[in-house]
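This report describes the overall dimensions of one protein model and then its salt bridges.

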Amino acid sequence: MFEQVEPSFKDIWREVINNRFNFNEPLPDRPEYLFEIEDGEDSYGIALPGSVIEFSGKPKARKSSLMAGFAAACLAKDKKALNIRSKIQGKVLWIDTEQSRLEFSYFQRMLVRMAGLDHHPENYIALNIRKYDDNTRFEIVNHAITRNPDLGLIIIDGIADLSMDENEQNSTKALVSRLMYWADSIACPILIAIHTNKDGKESTGHLGGYIDKRCSYHIRVEKNSEESPSLVYPKLSRMGEKFPKFYFAHEQGGLPRILDQSVIGDMEGDNSEYSVLPF
């Protein structure tokens with residue numbers, strides 16, 4: 001279980017009453033989404049302040065590469081990467097729990113290049129915490145989130161590595177509760193990656209089940225083989241617009257790019273144009 005300092009019930013009740021629903025408060029017809037997925041001339045909004053966006057898929061499906069596109073869109077001067085456009089201001093925090101230090105360095109260099117930059121962005125913090133135990137990882141993440149002002153986006157690449165046991169209900173409920181607390185208190189989107197079961201149908205363990213129930217938006221990333229392009233589609237949307245499916249792959253040289261769906265069939269049989277990266 002994870003310890004946290006709780007406010008008094010009086011403070012909690014005051015906050016609940018102050019935030020009660022009022023029909024007379026104005027709301028736009030369409031929320032001001034913080035990310036737009038572009039498809040030709042159309043765009044589809046996802047993510048609001050406090051949204052938790054789940055990215056699921058089998059290992060090596062390129063979940064990390066897709067999340068890198070969201071981070072790169074925040075860092076790019078034109079606020080766009082791949083087919084993703086960002087309206088996020090503030091710092092971007094990336095937490096990696098899965099890669100070795102060297103793998104992490106190569107991946108992060110790719111991410112910065114995706115943003116069209118040749119230097120480290122001032123508003124970007126990327127931390128690699130694979131070598132630490134579960135409790136220490138959690139404390140590092142909690143410290144990084146609560147001690148960094150002006151966060152605009154948080155990405156946790158490997159949420160299961162912050163739980164003592166992804167199949168133990170008390171531990172996973174505590175982690176998901178803290179995840180929601182971070183999202184609401186910092187008031188920025190949190191993107192999280194989680195593996196699916198071997199059949200690729202469901203997010204892994206009790207943790208995956210809890211996240212499925214609590215997330216605002218769920219994006220699935222699938223791949224037929226190690227060399228094939230990755231398919232991306234919205235699996236669930238509680239708050240956000242469902243975008244059309246799209247494909248992407250890594251070019252030789254490492255940078256991902258969106259693929260024309262009309263050539264996907266040919267590419268499944270011949271992917272010599274594309275490099276295989278472990279992301």
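## Overall dimensions

A compact globule of 279 residues would have a radius of gyration near 19 Å, and the protein, at 19 Å, agrees with this. The model is a predicted one. Along the principal axes, the C-alpha atoms fill a box of roughly 65 × 45 × 40 Å.

Seven helices and 13 strands make up the secondary structure. Of the contacts with a separation of 6 or more, 65% are between residues 24 or more positions apart.

## Surface and charge

The accessible surface is about 14,600 Å², and carbon and sulfur atoms account for 48% of that area. Of the 279 residues, 48% count as buried. The protein has 34 positive and 42 negative charges, whose mean positions lie 3 Å apart.

## Salt-bridge network

Nine salt bridges are found in the whole structure. A network of them links Arg30, Glu32, Glu36, Lys87 and Glu241.

Arg30 and Glu241 form a salt bridge with an N to O distance of 2.8 Å. Arg30 is in the loop between α1 and β1 and Glu241 in the loop between β11 and β12, so the pair ties together parts 211 residues apart in sequence. Glu32 pairs with Lys87, with 3.2 Å between the closest N and O atoms. Glu32 lies in the loop between α1 and β1 and Lys87 in the loop between β5 and β6, so this pair joins parts 55 residues apart in sequence. Glu32 is exposed, at 53% relative accessible area, while Lys87 is partly exposed, at 35%.

## A pair within a helix

Arg137 and Asp134 form a salt bridge at 2.6 Å, N to O. Both residues lie in helix α4, three residues apart, about one turn of the helix. Arg137 is buried, with a relative accessible area of 10%, whereas Asp134 is partly exposed, at 23%.

Notes. Residues numbered from 1 in each chain as written. Predicted model: local features only at pLDDT ≥ 70, side-chain atom pairs only at ≥ 80, totals over all residues. Heavy atoms only, no water. Helix = DSSP H or I, 4+ residues; strand = E, 2+ residues; numbered from the N terminus. Rg over C-alpha atoms; globule rule 2.2 N^0.38 Å. Buried < 20%, exposed > 50% of the residue type's maximum accessible area, 1.4 Å probe, protein only. Contact = heavy atoms within 4.5 Å. Areas by Shrake-Rupley, 256 points an atom, 1.4 Å probe, with all protein chains shown as cover. Lys, Arg positive; Asp, Glu negative; His and termini not counted. Charge placed at Lys NZ, Arg CZ, Asp CG, Glu CD. Salt bridge = Lys/Arg side-chain N within 4 Å of Asp/Glu carboxyl O.
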